[in-house]
Amino acid sequence: MTGALRGARVLIPRDGSWGARVAAEVDRRGGVPVVAPLIASAPPRDEASRDRAFAALAAGEYSWLFVTSAASVEQLTARGVRIPATTRIAAVGPATARAVAASGAEVSFVPLGESSAAAMAAQWCAGRTPDTAGRSLIVRSDLATAVISDELTLRGFAVDVCIAYRTVGVDLPREVASSLARGTIDVVLLTSLSVARELRRQVGPLPAQVRVASIGPGTTRDAERLGFTVAHTARTQSVDALLAELDDAGDASTGSTGSSEQQGTP
């Protein structure tokens, strides 16, 4: 590979199987992956409520399951939940849909365009009525917004919410935080608001030469509110697309593909 990522040090903010897969793709493109998780999943504060919701889901009590992140799918898999064939699955975007497929289940609904809770709720509701849709379960983290459940409830749909996990911050290794502060990491992959918050908390404003690359418009808006200047936003809201676009865009190691303005203070 001879693209723009060749030689670029790329911060990958999650570990596990996701981090390993992204690191392999960065390496394939000639970059230098730096896997340093900024967030991790922890059990919810109310594990009993989670377990009851998961048991009801496995028992076939829901017509629809809404998943808003790959981490939600991971929680279901980790708890050994088998989703019945009678339960249809709605995924917030292509990346989450791929995680569902990798778990062995089938996705019935993915919103078109932007992968956001608002788009998911609006498009799903547009083609259904409360009388025929049945009861839905939304599986999400403690930090995810209530956009989907609020919209469905407002329109008269029967819906339950399961807080399946908590998103917690993870301290960067000292050498990684120092590299970010010195500008010796070339690209930072922003995959969520939680990652952006932790980056801001732990490192603060980044040097001009560090390019912030966002997985989608929603994450870009969140990052800009925190004071980051986002150099590139993925067009199709997946980390694979983000890496491909960065590799095609220009010299990722010098920041010539986007703004070189220093990150500001919110």
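This is a predicted model: local features need pLDDT of at least 70, side-chain atom pairs count only at pLDDT 80 or more; totals for chains, interfaces and linings use all residues.
Visitor: Let's begin with Trp 124. Where does Trp 124 lie, and why is Trp 124 called buried?

Guide: Trp 124 lies in helix α5, which covers residues 117-126. Its relative accessible area is 0%, and buried means under 20%, so Trp 124 counts as buried.

Visitor: What does Trp 124 touch?

Guide: Leaving out residues up to four places away in sequence, Trp 124 touches Trp 64, Phe 66, Phe 109, Ala 133, Ser 136, Leu 152 and Phe 157. Take Leu 152 as an example: Leu 152 and Trp 124 are 28 residues apart along the chain, and their C-alpha atoms are separated by 9.2 Å.

Visitor: Which other residues of α5 are buried, and what do they pack against?

Guide: Along with Trp 124, the buried residues of α5 are Ala 119, Met 120, Ala 121 and Cys 125. The buried residues of this helix pack against β4 (64-67), β5 (88-91), α6 (130-133), β6 (136-141) and α7 (147-154).

Visitor: Now for the aromatic rings. What makes Trp 64 and Phe 66 a tilted pair?

Guide: A search of the whole structure finds 4 aromatic pairs. For Trp 64 and Phe 66, the ring centres are 6.5 Å apart and the planes stand at 40°. Pairing needs centres within 6.5 Å, while stacked is under 30 degrees and edge-to-face over 60.

Visitor: What makes Arg 14 count as lying over the face of Trp 18?

Guide: Arg 14 is at 4.7 Å from the ring centre of Trp 18 and lies over the ring's face. The distance limit for a charge over a ring is 6 Å.

Visitor: Which residues touch the most other members of the largest nonpolar core?

Guide: Leu 11, Leu 180 and Leu 199 do, in a core of 22 residues. At least two residues of this core come from each of α8 (174-182), β8 (187-190) and α9 (193-202). The element that gives the most is α9, with 3 residues. Apart from this core lies another, of 21 residues, including Leu 57, Tyr 62, Val 67 and Ala 71.

Visitor: What is Leu 199 in contact with?

Guide: Setting aside neighbours within four places in sequence, Leu 199 is in contact with Leu 38, Leu 180, Val 188, Leu 190, Gly 204, Leu 206 and Phe 228.

Visitor: Let's turn to charged side chains. What makes Glu 151 and Arg 155 a salt bridge?

Guide: Their side chains meet at 2.6 Å, N to O, and the cut-off is within 4 Å, so the pair is a salt bridge. The structure holds 14 salt bridges.

Visitor: Why are Glu 151 and Arg 155 called partly exposed?

Guide: Glu 151 has 24% relative accessibility and Arg 155 has 40%. Buried is under 20% and exposed is over 50%, so these two residues fall in between and are partly exposed.

Visitor: Why are Arg 225 and Asp 222 separated by about one helical turn?

Guide: They are 3 residues apart in helix α10 (residues 217-225), so about one helical turn separates them. An α-helix has 3.6 residues a turn, so residues three or four places apart point the same way. The side chains of Arg 225 and Asp 222 meet in a salt bridge at 3.0 Å, N to O.

Visitor: Finally, why are His 232 and Glu 245 called buried?

Guide: His 232, in strand β10 (residues 230-233), has 14% relative accessibility. Glu 245, in helix α11 (residues 239-249), has 9%. Buried means under 20%, so both count as buried. Among the residues that His 232 touches is Glu 245.

Key: Residues are numbered from 1 along each chain as its sequence is written. Side-chain values use heavy atoms; hydrogens and water are left out. Helices (H or I, at least four residues) and strands (E, at least two) are DSSP runs, numbered from the N terminus. Buried means under 20% relative accessible area, exposed over 50%, partly exposed in between (1.4 Å probe, protein chains only). Contact means heavy atoms within 4.5 Å. Rings of Phe, Tyr and Trp (its six-membered ring) pair if their centres lie within 6.5 Å; planes under 30 degrees apart count as stacked, over 60 as edge-to-face and the rest as tilted. A charge sits over a ring if NZ of Lys or CZ of Arg is within 6 Å of the ring centre and within 35 degrees of the ring normal. A nonpolar core is a set of buried Ala, Val, Leu, Ile, Met, Phe, Trp, Tyr and Cys residues joined through side-chain atoms within 4.5 Å.
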